[in-house]
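This report covers helix packing and aromatic pairs in one protein structure.

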Amino acid sequence: MKTLQRQVGKLLKWGTLLSTLGFVASTLIQIYARFFMAKAPSWTEEAARLFFIFAIGCASGLAMRGSYYVHFDFLYEKLPSKLKSLIMKAIYILIVVLFVIFTYHSFQFVMDGWIEKSPSLRFPMAVAFIGVTIMGLAISYYAISKLISLFKK
């Protein structure tokens with residue numbers, strides 16, 4: 001299981017890095033074109049949006065893995081350890097339920113997106129929706145992993 005987690009983490013890191021670089025590159029092309037070309041290409045805005053969706057989709061799983069989300073420690077730290085454990089289990093169960101539903105519906109969006117084309121790049125909109133599916137799968141995977149480790153303790 002650890003090697004699978006390592007491989008998934010590595011894939012998500014590369015996806016985040018490449019998507020972020022694509023986002024920055026397409027944005028820089030757009031900036032350059034607005035200043036130095038007669039007409040800026042319209043595809044750069046759509047490409048930047050697509051890269052941004054994939055960057056967020058990949059990075060959100062990594063955020064779940066590293067617990068880089070907002071939570072309030074002030075009250076939580078004053079609670080007894082048994083109640084803390086119960087709260088964490090409940091939180092991760094709710095996260096899993098939410099993102100399993102989220103992922104299920106994202107698959108439906110991907111299926112519907114094959115017939116719809118993007119305005120300027122002309123690729124199927126399912127490609128953009130796959131970024132949302134990646135986010136749902138990644139968050140669900142790491143939430144389930146954390147939930148399993150919480151119940152083992």
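This is a predicted model: local features need pLDDT of at least 70, side-chain atom pairs count only at pLDDT 80 or more; totals for chains, interfaces and linings use all residues.

Two packed helices are described by the angle between their axes and the distance between the axes.

| Helix pair | Angle | Axis distance |
|---|---|---|
| H1 (residues 2-36) and H5 (residues 126-152) | about 150° | 12 Å |
| H2 (residues 43-65) and H5 | about 0° | 8 Å |

With an angle of about 150° between them, H1 is roughly antiparallel to H5. The crossing of H1 past H5 is left-handed. On the H1 side the contact consists of Leu4, Gln5, Val8, Gly9 and Leu12, which meet Ile134, Ala138, Tyr141, Tyr142 and Ser145 in H5. Of these residues, 7 are nonpolar and 3 polar, with no charged residues.

H2 packs against H5 at about 0°, which means that H2 is roughly parallel to H5. Residues of H2 in this contact include Leu50, Ile53, Phe54 and Arg65, and those of H5 include Ile134, Ala138 and Tyr142. The contact of H2 with H5 comprises 16 nonpolar, 4 polar and 1 charged residues.

The whole structure holds 6 aromatic pairs. In one of them, Phe23 and Phe52 are tilted, at 5.6 Å centre to centre with 45° between the planes. This pair joins helix H1, which holds Phe23, to helix H2, which holds Phe52, across 29 residues. Phe23 is partly exposed at 29% relative accessibility, and Phe52 is partly exposed at 44%. Tyr141 and Tyr142 form an edge-to-face pair, because their planes lie at 70°, with ring centres 5.1 Å apart. Tyr142 is buried, at 3% relative accessible area. Ring pairs also connect Tyr32, Phe35 and Phe36 into a cluster.

Note on methods. Residues are numbered from 1 along each chain as its sequence is written. Side-chain values use heavy atoms; hydrogens and water are left out. Axes are lines fitted to C-alpha atoms, for helices over the stretch in contact, and angles run from 0 to 180 degrees between N-to-C directions. Helices (H or I, at least four residues) and strands (E, at least two) are DSSP runs, numbered from the N terminus. Angles under 35 degrees count as roughly parallel, over 145 as roughly antiparallel, 65 to 115 as roughly perpendicular and the rest as oblique. A crossing is left-handed if the near helix is turned anticlockwise from the far one by less than a right angle, and right-handed if clockwise. Contact means heavy atoms within 4.5 Å. Ala, Val, Leu, Ile, Met, Phe, Trp, Tyr, Cys and Pro count as nonpolar, Asp, Glu, Lys and Arg as charged, and the others, Gly among them, as polar. Rings of Phe, Tyr and Trp (its six-membered ring) pair if their centres lie within 6.5 Å; planes under 30 degrees apart count as stacked, over 60 as edge-to-face and the rest as tilted. Buried means under 20% relative accessible area, exposed over 50%, partly exposed in between (1.4 Å probe, protein chains only).
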